[in-house]
Amino acid sequence: MTYIFDGSLTGLLTSVFEWFERKPGKVTLKSAEIFQPEAFAESLEIIADQGKADRVWAGLQKKLQKDWLRKFYCSYLSELPDAYHHLFQFSCYIFQQQKGAENNYGNEHVIALSKYAKSVEREKHRMEAFIRFQQTADNIFYAGIDPDFNVLPLISNHFKNRYADQQWIIYDLKRKYGLHYNLDTVEEVSINFEKGSAQQNLTPALTDEKEQLYALLWKDYFKSANIVARKNTKLHLQHVPKRYWKYLTEKQLS
Amino acid sequence: MFERIREKLNILADAAKYDVSCSSSGGTRKNDNKGLGNSHTSGICHTYTEDGRCVSLLKILLTNHCIYDCAFCVSRKSNDVKRAAFTVDEVVELTMNFYRRNYIEGLFLSSGIFKNADFTMERLLLIVKKLRLEQRYNGYIHLKTIPGASDELIKEAGLYADRMSINLEMPTEAGLKLLAPEKSHADVIKPLAFVQQNIVQFGEDKKLIKHVPKFVPAGQSTQMVVGATPESDKDIMYTANTFYKNFALKRVYYSGYIPISNDSRMPILGTQPPLLRENRLYQTDWLMRFYGFNVQEILNDENPNLDVDIDPKLSWAIRNMQHFPVDINKADYQMILRVPGIGVMSAKKIVQARKFGRLRIDQLKKIGVAYNRAKHFISCADSPYQLKDYQGTEIKAFILADSQSKYLKTAQNQLLLF
Ligand code: SF4
């Protein structure tokens with residue numbers, strides 16, 4: 001039996017609700033996006049239902065320690081097809097056990113979630129580290145990103161607390177939405193980029209006159225801080241995998 | 001103007017880089033005046049140099065002019081290098097603008113000693129005050145304590161800095177006297193102790209009165225240069241241990257000496273920095289701080305130096321086979337932590353998971369145990385029956401054979417933690 005859901009968190013939680021309603025035995029959960037009907041397998045389409053989802057979430061809140069609610073949410077934000085299935089199975093498992101079952105690292109879903117959460121948290125952490133703002137001519141600090149996982153919801157607070165006295169936009173170019181902090185609140189925004197305009201790094205025409213100076217000083221600094229006698233490229237790449245270089249001012253030529 | 005500031009930054013960042021401390025952790029400052037910045041308890045590395053070291057702070061000297069002549073230091077008086085000095089405002093501007101772009105977690109400010117200790121310390125204090133009070137900057141500040149500066153200045157600086165540090169430089173007094181006859185460990189101990197007393201005092205006042213300001217909330221650290229003078233690993237780690245204990249230091253840093261002069265008292269120019277040794281010292285430091293080891297268990301008169309070919313945790317295990325095998329399903333956490341191939345995270349997961357049933361090999365692997373290493377030291381639900389007890393030396397040979405390819409491929413200076 002396969003359950004098909006719409007990819008939303010509400011949908012995922014609803015599917016858990018449905019399973020307990022029907023107890024159909026072994027179920028695989030798939031998102032509609034990747035589901036390919038098989039001739040002989042039965043499937044059921046889950047209609048996302050906020051009321052049912054809320055009940056499941058409230059149940060999880062009762063059963064799980066707080067850090068596990070976070071792991072649950074992070075695993076969901078990984079957007080990985082297998083993660084959805086593990087989340088579903090994990091929920092069913094948790095509801096059928098005594099409190100504290102999330103500590104059973106011998107269980108495959110427990111381990112799976114802790115791994116997804118770790119990857120997503122790592123990506124979050126990397127974004128907090130590797131985002132580089134450019135100051136625009138109208139005094140907004142802009143950064144375009146395309147993270148592996150959907151981490152904007154996780155990094156919002158960090159940037160809001162830290163950069164409280166400057167307007168900023170962090171834009172997820174892959175998922176086509178961003179966050180704008182207007183000195184008061186953080187709002188979701190979408191931007192219509194002009195065709196062909198650079199989205200990751202703004203052209204000098206759009207940036208503040210001081211922007212290039214500071215970018216240059218930062219690149220100089222990065223070079224000075226290096227100790228040639230200690231060169232270790234392998235370790236360097238392990239910390240800053242190449243796919244993140246495009247974010248980094250200090251890695252841009254010229 | 002443009003070029004002048006670039007040149008200054010190049011000179012003063014270059015001179016500051018031999019201080020290896022980069023940590024931005026332990027800060028608790030919140031951005032509650034709607035200013036700029038806060039600190040993150042675990043710190044953030046914003047980038048990494050090509051030698052693989054974390055860059056989280058703008059690490060600069062206020063000036064590289066210095067009245068002293070310490071042989072191990074690039075800024076020593078007798079060295080023929082370009083000199084420069086930032087103005088107070090230049091440091092403030094650079095810090096603010098780097099921080100706004102998310103390049104850095106904060107400022108690490110040190111200085112050569114210009115005129116005298118108080119004159120230098122006053123300038124440093126001016127900068128941190130300007131950042132905190134005028135710019136409402138709440139990011140991280142690591143400030144060097146200038147040896148010999150007056151208590152009043154040090155105490156005031158402690159109100160604005162998150163961390164303060166002062167370097168021991170050489171692991172023993174004898175080593176220091178050899179290379180910097182004008183200096184002594186006592187010059188370091190006095191301000192370390194003074195700041196420590198104040199940290200304790202402010203902490204106690206805080207319990208009674210709510211609005212006591214923060215005082216060096218991220219604590220103090222120090223650094224020792226390794227390999228410039230002939231101390232043993234035991235000398236180094238015993239000194240580290242004493243300073244951790246006496247001054248509640250947050251970190252001790254070990255900096256492999258990079259030859260910077262032809263002084264005959266030290267390794268000659270072009271000698272490779274002792275990076276593997278530095279790595280082993282850090283591993284030992286971790287064993288002391290997070291794994292419950294006493295330094296005497298790892299280094300003692302029989303073993304005054306750390307093994308080069310294997311890490312100190314494995315060395316200890318092989319010398320102490322009487323404690324093994326450890327039963328994963330019964331042993332207490334502290335003992336599990338001592339098993340080579342099991343780190344802090346895995347050990348914690350093991351003690352949680354075994355409440356739900358006896359653990360098997362495949363589960364241990366999934367939990368993150370380096371099983372090929374750990375298998376020589378543990379038993380679990382489905383451990384294969386072993387016909388004979390292997391000697392420590394045999395196990396070492398197995399592990400080395402097993403990881404040989406890996407060891408050869410790993411660059412010498414890579415920091416591997418167990
Ligand atoms: S006092 Fe400090 S800056 Fe001056 S030479 Fe000695 S170590 Fe270098």
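1. Domain bounds are taken from an automatic or database domain assignment. For chain B this assignment gives domain 1 (2-298) and domain 2 (312-401); for chain A it gives domain 1 (2-123) and domain 2 (131-251).

2. The model is predicted, and local features need pLDDT of at least 70, side-chain atom pairs count only at pLDDT 80 or more, and totals for chains, interfaces and linings use all residues. Residues are numbered from 1 along each chain as its sequence is written, chains are lettered from A and ligands numbered from 1 in the order in which they are written, and side-chain values use heavy atoms, with hydrogens and water left out.

3. In chain B, the centres of domain 1 and domain 2, taken over C-alpha atoms, lie 38 Å apart. Ten residues of domain 1 of chain B are in contact with ten residues of domain 2 of chain B, where contact means heavy atoms within 4.5 Å. Together these two domains bury about 870 Å², of which 62% is on carbon and sulfur atoms. Buried area is the accessible area (1.4 Å probe) that two parts lose on being put together, summed over both. Of the area that domain 1 of chain B buries against domain 2 of chain B, 59% is supplied by Tyr291(B), Phe293(B) and Glu297(B), more than by any other three residues.

4. One salt bridge is counted between domain 1 and domain 2 of chain B. A salt bridge is a side-chain nitrogen of Lys or Arg within 4 Å of a carboxyl oxygen of Asp or Glu. The side chains of Glu297(B) and Arg338(B) meet in a salt bridge, at 2.8 Å from N to O.

5. In chain A, 33 Å separate the centres of domain 1 and domain 2, again taken over C-alpha atoms. Ten residues of domain 1 of chain A are in contact with nine residues of domain 2 of chain A. The two domains of chain A bury about 860 Å² between them, with 62% of it on carbon and sulfur atoms. Leu77(A), Glu79(A) and Glu123(A) supply 62% of the area that domain 1 of chain A buries against domain 2 of chain A, more than any other three residues.

6. Across the interface of domain 1 and domain 2 of chain A, the rule finds one salt bridge. Glu79(A) forms a salt bridge with Arg175(A), and the closest N and O atoms are 3.1 Å apart.
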